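Subject: Structure handover

Hello,

Please open it first, then read the notes below it.

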Amino acid sequence: MGAMSSSLTVPARPDDPMTADQPASRVLVLGGDGYLGWPTALHLSRRGHQVGVVDSLCRRQYDVEMGVESLVPIATMERRVQAWTEVTGLAIAAYVGDMTDPDFVATTLADFRPDAVVHFAEQRSAPYSMIDRAHAVYTQVNNVVGTLNLLYAIAEVDPDIHLVKLGTMGEYGTPNIDIEEGFIEITHRGRSDVLPFPKQPGSFYHLSKVHDSHNIAFAARTWGLRATDLNQGIVYGQETPETTLHPDLSTRFDYDAVFGTVLNRFVVQASAGYPLTVYGKGGQTRGMLDIRDTLACVELALSNPAAAGEYRVFNQFTESWSVMDLAQMVVRATGDRIRIEAVPDPRVEDEDHYYRAAHTKLLDLGLMPHLLSESLVRSLLAVAERHAARIVPAAIPPTVDWRRTGSRVGAA
Ligand code: NAD
Ligand code: USQ
């Protein structure tokens with residue numbers, strides 16, 4: 001996808017409110033038009049930071065390619081930013097461009113002069129990266145080159161900028177030992193060292209995050225950059241206190257087999273009366289978190305920055321759930337109105353395995369998690385039911401097969 005280096009910049013107002021307990025900072029949210037980037041930008045703006053969003057809008061283009069749309073309608077990026085100012089009086093600067101364009105990245109950083117950058121701007125679907133060779137190459141070039149361009153721009157524009165980068169719990173895979181937060185002390189032939197935790201990612205997408213992690217650690221070590229890698233689990237939910245202020249502030253909600261994540265998919269399937277698509281045995285266990293906790297974790301990372309030269313890793317999830325446990329909770333929340341369907345697993349992954357991952361660093365910084373419950377699932381069901389008329393049933397069954405090197409996709 002080529003670069004679109006136009007910019008629609010909204011000037012910041014001098015009278016933006018500040019919170020009493022936190023010094024305001026300038027934060028650039030890369031991928032600020034996406035599912036998580038947009039609500040993060042709103043949250044930080046409301047908390048008194050001067051916020052800019054950067055996005056190539058490629059995520060909207062994947063929808064066209066897949067023949068699907070977000071279940072909840074979303075406004076254009078231009079309209080979203082305008083609506084935020086109308087509703088709150090606060091301004092968000094917006095830049096449209098591609099992170100794989102090094103000049104765009106450097107110019108944007110030099111123009112906005114952030115204290116911190118939150119980097120969400122990657123192709124984030126494992127199935128999309130496994131469609132065929134072209135999608136695997138696109139994913140790794142988009143993600144790895146975008147992040148490399150960012151590291152160079154930070155080093156050249158202002159090495160003091162704190163990089164908060166979205167990684168993934170899936171970098172670790174599912175080893176038969178406890179997962180630590182980024183690093184593990186290893187004793188080998190009588191000598192000990194603290195080394196990066198071994199990585200066993202399960203898709204070319206997850207591999208792109210591993211490559212990013214190594215590049216970021218190297219840049220921090222070499223150029224003295226400040227970097228926090230947030231190894232985030234699977235996010236669920238769609239509403240945050242800011243996105244519900246106006247329909248034009250809604251964030252996207254994906255339920256299709258390529259971009260929909262597991263609990264969001266189950267909730268939409270249930271609201272459509274579609275049997276829940278548990279892949280394989282359903283013993284796949286993952287760290288998960290509420291979308292509101294993503295915002296809180298990013299804010300905690302920003303307000304407790306990494307030191308110069310420090311590369312640190314936080315495991316960003318609040319609870320672990322197996323896919324079958326999630327499906328059973330959704331069934332209960334519907335009053336047993338729907339059933340679970342065992343679908344042959346299109347992925348190559350352990351369907352029944354040990355899983356215990358450390359996640360204390362964000363809790364130590366003060367995270368107060370929103371935990372998953374049947375009542376929370378019912379509130380997600382209510383969101384899905386409001387938009388049930390927009391569900392495209394053909395988008396629900398899985399189309400991408402890990403074992404084949406070319407899959408047919410697209411619900412249109
Ligand atoms: P998303 O696809 O909704 O948002 C990503 C945004 O980045 C999109 O708006 C897209 O247009 C933009 N983007 C992608 N490549 C770009 C490029 N080269 N230049 C400029 N913009 C680009 O994804 P999301 O669910 O909001 O995820 C955000 C980040 O969080 C991703 O890095 C993802 O890997 C990570 N993450 C997400 C989840 C989850 O459950 N959604 C879980 C763990 C980690
Ligand atoms: N699964 C089902 N049925 C479905 C969909 C998924 O059983 O209908 C299973 C998958 O096989 C997998 C698990 O649920 O075992 C999770 O799948 P997912 O699509 O919800 O999550 P994943 O592909 O891992 O990717 C998502 C985000 C990605 C992020 C990752 C966090 O798309 O950006 O990095 O979650 S983590 O899982 O911790 O790596």
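Start with histidine 135. Leaving aside its neighbours within four places in sequence, histidine 135 is in contact with Glu65, Tyr128 and Ser129. Contact means heavy atoms within 4.5 Å. The residue sits in helix H6, residues 133–157. Helices (H or I, at least four residues) and strands (E, at least two) are DSSP runs, numbered from the N terminus. Histidine 135 has a relative accessible area of 13%, so it is buried. Buried means under 20% relative accessible area, exposed over 50%, and partly exposed in between, with a 1.4 Å probe and protein chains only. Its side chain also makes a polar contact of 2.7 Å with the side chain of aspartate 132. A polar contact is a pair of N or O atoms within 3.5 Å; within protein, one must be able to donate a hydrogen and the other to accept it, and residues adjacent in sequence count only if both atoms are side-chain atoms.

Ground rules. This is a predicted model, where local features need pLDDT of at least 70 and side-chain atom pairs count only at pLDDT 80 or more, while totals for chains, interfaces and linings use all residues. Residues are numbered from 1 along each chain as its sequence is written, chains are lettered from A and ligands numbered from 1 in the order in which they are written, and side-chain values use heavy atoms, with hydrogens and water left out.

Ligand 1

The shell here has 28 residues. The closest are Asp55, Arg124, Asn142, Tyr205 and Lys209. A residue is near a molecule or strand if one of its heavy atoms lies within 4 Å of it. An N or O atom in the side chain of aspartate 55 is 2.6 Å from an oxygen atom of ligand 1. A polar backbone atom of cysteine 58 is 3.3 Å from an oxygen atom of the ligand. Aspartate 98 places a polar side-chain atom 3.0 Å from a nitrogen atom of ligand 1. Taken alone, ligand 1 exposes 830 Å², and the protein buries 98% of that. Accessible areas come from the Shrake-Rupley method with a 1.4 Å probe; for residues, only the protein chains shown count as cover. Two or more shell residues come from each of helix H2 (58–66), strand S6 (162–168), H7 and strand S10 (234–236). By type, the shell has 11 nonpolar, 9 polar and 8 charged residues. Here Ala, Val, Leu, Ile, Met, Phe, Trp, Tyr, Cys and Pro count as nonpolar, Asp, Glu, Lys and Arg as charged, and the others, Gly among them, as polar.

Ligand 2

Ligand 2 is surrounded by 22 residues. Thr168, Tyr205, Val262, Thr277 and Glu349 are the closest. A polar side-chain atom of tyrosine 205 is 2.7 Å from an oxygen atom of ligand 2. A polar backbone atom of valine 262 is also 2.7 Å from an oxygen atom of the ligand. For a polar backbone atom of tyrosine 279, the distance to a ligand 2 oxygen is 2.9 Å. Ligand 2 alone exposes 730 Å², of which the protein buries 95%. Helix H7 (204–223), helix H8 (262–271) and strand S11 (276–279) each give at least two shell residues. S11 has the largest share, with 3. The shell divides into 8 nonpolar, 9 polar and 5 charged residues.

Cores

The largest nonpolar core has 47 residues. Such a core is a set of buried Ala, Val, Leu, Ile, Met, Phe, Trp, Tyr and Cys residues joined through side-chain atoms within 4.5 Å. Leu263, Phe266 and Leu372 have the most contacts inside it. H10 gives the most to this core, with 7 residues. Beyond its neighbours within four places in sequence, leucine 263 touches Tyr236, Met288, Leu326, Val330, Leu372 and Leu380. A second, separate core has 36 residues, including Val29, Phe314, Leu362 and Leu367.

Valine 323 lies in helix H10. Its relative accessibility is 12%, so valine 323 counts as buried. Outside four places in sequence, valine 323 is in contact with Val262, Phe266, Val278, Gly282 and Gln284.

Helix H1 (residues 37–46) is mostly covered, with 9 of its 10 residues buried. Just after H1, glycine 48 takes a positive phi of about 105 degrees.

Best wishes
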